[in-house]
Amino acid sequence: MAMWNPWRGCKKCSDGCLHCYIHKDDSKRNINTNDIVKTKDFEKLIKKLKNGNYKMKSGIVYLCFSTDFLIEEADE
């Protein structure tokens, strides 16, 4: 299973956020979920191996398990 989390962090903005796993998991790791930051994997999709193949294999990629993909703060 390929996963890609280009940034992390989120803000609670609706009743739908009440039981969100992101805030719960981050609190266990002592991470402030309100900080919207790029991850070390931000460019993971375009990185290549020495032989020219992409590091991330093609197929299904599970996206943004540590943020809301459409969060405006990530646009910067």
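**Reading a predicted chain**

Reader: What is the relative accessible area of D41?

Author: D41 has a relative accessible area of 24%, which makes the residue partly exposed. The cut-offs behind that word are these: buried means under 20%, exposed means over 50%, and partly exposed is what lies in between. Keep in mind that this is a predicted model.

Reader: Which side chain does D41 meet in a salt bridge?

Author: A salt bridge calls for a side-chain nitrogen of Lys or Arg within 4 Å of a carboxyl oxygen of Asp or Glu. Here the side chain of K40 meets that of D41, with 3.6 Å from N to O. K40 counts as exposed, at 73% relative accessibility.

Reader: How many salt bridges does a search of the whole structure find?

Author: The search finds two. Besides the pair of D41 and K40, there is a salt bridge between R8 and D26, whose closest N and O atoms are 2.2 Å apart.

Reader: Why does the pair of R8 and D26 tie parts together?

Author: To answer that, look up the element of each partner. R8 is in strand β2, residues 7-8, while D26 is in helix α1, residues 21-28, so the bridge links parts that are 18 residues apart in sequence. Next, look at the cover of each partner. D26 is buried, at a relative accessible area of 2%, whereas R8 is partly exposed, at 22%.

Reader: How many strands does the protein chain have, and how many helices?

Author: The chain has four strands and one helix. To read the order, start at the N terminus: the elements run β-β-α-β-β. The radius of gyration is 14 Å, well over the 11 Å that the globule rule gives for 76 residues, so the chain is more spread out than a compact globule. The C-alpha trace spans about 45 × 25 × 25 Å along its principal axes. Of the 76 residues, 24% are buried.

Reader: Where is the place of I71, and is I71 buried or exposed?

Author: I71 sits in the segment after β4. At 8% relative accessibility, I71 counts as buried. I71 and R8 are 63 residues apart along the chain, and their C-alpha atoms are separated by 10.0 Å.

Reader: Which residues gather in a patch of negative charge on the surface?

Author: Asp and Glu count as negative. In this model E72, E73, D75 and E76 gather in such a patch on the surface. Take E73 as one of them: E73 is in the segment after β4, which covers 61-63. With a relative accessible area of 37%, E73 is partly exposed.

Reader: What is phi of N30 near?

Author: First the general idea: most residues other than glycine have a negative phi. For N30, phi is near 60 degrees, a positive value in a residue other than glycine. N30 belongs to the loop between α1 and β3, the latter being 37-38. N30 counts as exposed, at 74% relative accessibility.

Reader: Which value does phi of C64 have, positive or negative?

Author: Phi of C64 is positive, near 60 degrees, and C64 is a residue other than glycine. The place of C64 is in the segment after β4. Now compare the cover: C64 is buried, with a relative accessible area of 7%, whereas N30 is exposed at 74%.

Conventions: Residues are numbered from 1 along each chain as its sequence is written. This is a predicted model: local features need pLDDT of at least 70, side-chain atom pairs count only at pLDDT 80 or more; totals for chains, interfaces and linings use all residues. Side-chain values use heavy atoms; hydrogens and water are left out. Patches are made of residues with over 30% relative accessible area and no salt bridge: like charges are joined within 9 Å, nonpolar side chains (Val, Leu, Ile, Met, Phe, Trp, Tyr) within 5 Å. Accessible areas come from the Shrake-Rupley method with a 1.4 Å probe; for residues, only the protein chains shown count as cover. The place of a charge is taken as NZ of Lys, CZ of Arg, CG of Asp or CD of Glu. Helices (H or I, at least four residues) and strands (E, at least two) are DSSP runs, numbered from the N terminus. Buried means under 20% relative accessible area, exposed over 50%, partly exposed in between (1.4 Å probe, protein chains only). The radius of gyration is taken over C-alpha atoms; the globule rule is 2.2 Å times the number of residues to the power 0.38.
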